[in-house]
Amino acid sequence: MALIEVTDLVKEYKLNVRKKGLSGAIRSLLVPEFKLKRAVDSISFTIDKGDTVGFIGPNGAGKSTTVKMLTGILAPTSGSITVGGLSPFKERKKNAMRIGVVFGQKTQLWWDLPVIDTFDLLRHIYRIPAQAYKHNLAMFSEMLGLQDFINVPVRQLSLGQKMRADIAAALLHDPEILFFDEPTIGLDVVAKEKIREFITFVNREKGTTMLFTTHDMDDIERTCNRMIIIDKGTKIYDGTVEDIKRTYGNDRIMVVEFGEKAEPIRIPGVELIDAKDNRMWLRFHKDEIQASLILNRLTQKYSISDFTVQEPEIEGIIRDIYLGGIHLDKSVSGVC
Amino acid sequence: MGKHSMRSLFVLFFKYSNMNLKLALEYKLNRSLIALAIFCREMIGVVVMFLILLRFLHIRGWEIHEMLFLYSFLFLSYSLFVLLFAGIRDFDNMVHSGDFDRLLTRPLGLMYQIISARIDFTATIGHGVVGIVLFMNTAFSVGIEWNWQNSLYYVLALIGGTIIQASLFLLSACFSFWAVKTENLRNLIFFNARRIAGYPLSFYPVFIQKLLIFVIPFSFVNYFPAQYFLRKDGSFWEGYLYLTPVVGALLFYLVFLLWKLGVRSYTSTGNSVY
Ligand SMILES: Nc1ncnc2c1ncn2[C@@H]1O[C@H](COP(=O)(O)OP(=O)(O)O)[C@@H](O)[C@H]1O
Ligand SMILES: [Mg+2]
């Protein structure tokens with residue numbers, strides 16, 4: 001059985017429709033009128049133990065709402081969720097012992113106290129055995145460089161330091177599953193990198209199952225073996241990162257630098273997208289024509305001083321999927 | 001990583017208290033000044049009352065010390081209230097800021113967390129010192145025999161009064177689940193009721209008396225407990241003198257049920273402030 005099973009999950013928010021004016025205000029108080037907003041619309045997926053899954057989608061797609069239901073904060077409108085055999089909402093406390101939650105926008109650290117104080121409180125909240133606590137604290141400190149600021153009040157920390165401390169806080173009790181909602185939002189590259197490394201490490205060492213939401217594709221490419229794309233509350237892709245690249249990412253871009261000024265050359269299956277000075281950008285489909293063949297044709301006419309072949313950025317692919325440019329064929333959508 | 005027992009919840013409660021204490025000590029000067037400010041603000045009220053009363057030997061049978069003894073209940077129970085239930089007082093904020101979501105991800109009861117997580121030592125001291133000053137200056141000069149029965153009654157009445165105030169605040173907190181900001185309305189009602197309760201209930205018209213007994217039962221916070229000791233007015237049912245802890249427990253229970261309903265609504269509709 002999968003660790004997390006989600007079936008036909010639906011979440012509808014009730015939005016109060018407020019009418020204008022005093023009479024309207026009184027009317028809406030007496031006869032409240034609601035508009036339903038379907039934030040999550042019949043999503044199903046399963047996640048196995050040890051998986052690292054990225055939830056990606058534009059703002060308002062329903063990512064946070066899904067995480068809130070998985071962590072027991074919100075009750076589903078319909079559909080079912082089991083996390084390790086438990087219903088996160090109905091068995092909230094039991095489930096809470098087994099999960100860790102990081103909200104990128106909202107720290108769980110005590111703002112005016114040193115980081116270590118919150119850690120110590122968490123030790124009691126989760127009743128972490130002394131041995132495990134000490135071991136984890138030492139390990140996280142080293143990997144995340146916490147020792148530099150563990151005795152500093154949280155309000156004095158940089159965004160990156162705070163996030164590192166927050167992630168450590170969520171992992172102290174060795175949760176089986178870690179949920180992140182936008183863990184790298186607003187961080188600089190170095191901080192992001194450190195966090196990604198750490199997450200990968202914990203997943204490998206402890207077998208912790210990880211579920212992120214993000215709209216940073218890099219996060220997912222670097223840390224996740226699986227990706228679920230949602231848009232407007234529905235799932236539009238579920239599969240491996242490689243799969244999506246393989247299926248939608250066969251385009252390559254070759255940047256060629258010539259030894260002299262070169263005239264555009266016609267090669268079937270190759271599209272010239274840009275040319276500047278002695279350089280050319282050529283797009284081709286890697287299944288239709290081999291890169292070596294193109295080079296071959298080019299060297300017949302000009303000397304080549306340098307070249308690179310770029311894989312497409314997954315970000316671009318995702319954008320295309322959102323925009324409906326790529327129609328997902330169910331048969332290729334991985335472990336759907 | 002084990003389940004909590006009564007004992008571990010107790011230990012954790014002290015851990016939380018410890019955090020709050022550290023917080024208070026973190027800004028020693030700042031908090032001391034606030035506590036002092038609260039003390040002065042409240043003390044000015046007391047002094048003004050004292051000066052007014054000084055012009056009379058007694059009003060409708062109440063002497064000045066008896067009035068101030070009546071007053072002392074308000075401060076001591078409020079001080080206990082902010083010591084034990086500051087989380088309830090600040091609950092609206094918790095919902096509006098989204099901190100309540102975090103509580104839902106913890107392996108602990110929600111009310112437990114709300115009560116443990118926040119202690120306002122500053123206000124406790126500010127109000128508490130006023131209460132103690134009043135108590136020390138009156139309790140031994142109004143003819144109370146401090147035997148163990150009376151002492152026990154006193155403690156129970158104080159706790160009951162504390163819980164009554166907690167219930168009133170919790171009631172207003174419930175509305176934040178339904179996107180209604182009641183903070184101002186609550187303060188208006190609560191602090192006015194409290195002001196009215198500063199004088200003996202028998203001074204007021206029947207309508208106000210009923211209001212303070214049955215609707216906003218502030219009379220059980222100070223009037224009836226004081227009446228138990230002083231036996232000033234005979235116009236109220238004798239049973240009221242013993243009801244403070246019962247009113248507290250019952251009111252809290254009822255409001256707690258409503259609060260549970262609110263939590264249910266929150267978890268089905270999400271943060272209403274959204
Ligand atoms: N508490 C709420 N009440 C009403 N609507 C909400 C609430 N929370 C989110 N929404 C709406 O639900 C949709 C999904 O939001 P969310 O899950 O936060 O998306 P994401 O995390 O992917 O950006 C959005 O359209 C948002 O406006
Ligand atoms: Mg979100």
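This is a predicted model: local features need pLDDT of at least 70, side-chain atom pairs count only at pLDDT 80 or more; totals for chains, interfaces and linings use all residues.

Guide: The patch is formed by Lys93(A), Lys94(A), Lys3(B), Lys260(B) and Arg264(B).

Visitor: Why is Lys93(A) called partly exposed?

Guide: Lys93(A), in helix α3 of chain A, has a relative accessible area of 44%.

Visitor: What makes the pair of Phe258(A) and Tyr302(A) edge-to-face?

Guide: The ring centres of Phe258(A) and Tyr302(A) are 5.5 Å apart, and a pair requires centres within 6.5 Å. The planes stand at 65°; the term edge-to-face applies over 60 degrees, and therefore it applies to this pair. The two residues are 44 residues apart: Phe258(A) is in strand β10 and Tyr302(A) in the loop between α10 and β13 of chain A.

Visitor: How do you know whether Phe258(A) and Tyr302(A) are buried or exposed?

Guide: Buried means under 20% relative accessible area. Phe258(A) has 2% and Tyr302(A) has 12%, so both are buried.

Visitor: Why is the pair of Phe69(B) and Phe73(B) called edge-to-face?

Guide: The planes of Phe69(B) and Phe73(B) are at 75° and their centres 5.3 Å apart. Because the angle is over 60 degrees and the distance within 6.5 Å, the pair is edge-to-face. Both residues lie in helix α3 of chain B, four residues apart, about one turn of the helix.

Key: Residues are numbered from 1 along each chain as its sequence is written. Chains are lettered from A and ligands numbered from 1 in the order in which they are written. Side-chain values use heavy atoms; hydrogens and water are left out. Patches are made of residues with over 30% relative accessible area and no salt bridge: like charges are joined within 9 Å, nonpolar side chains (Val, Leu, Ile, Met, Phe, Trp, Tyr) within 5 Å. Accessible areas come from the Shrake-Rupley method with a 1.4 Å probe; for residues, only the protein chains shown count as cover. A salt bridge is a side-chain nitrogen of Lys or Arg within 4 Å of a carboxyl oxygen of Asp or Glu. Lys and Arg count as positive and Asp and Glu as negative; His and the chain ends are not counted. The place of a charge is taken as NZ of Lys, CZ of Arg, CG of Asp or CD of Glu. Buried means under 20% relative accessible area, exposed over 50%, partly exposed in between (1.4 Å probe, protein chains only). Rings of Phe, Tyr and Trp (its six-membered ring) pair if their centres lie within 6.5 Å; planes under 30 degrees apart count as stacked, over 60 as edge-to-face and the rest as tilted.
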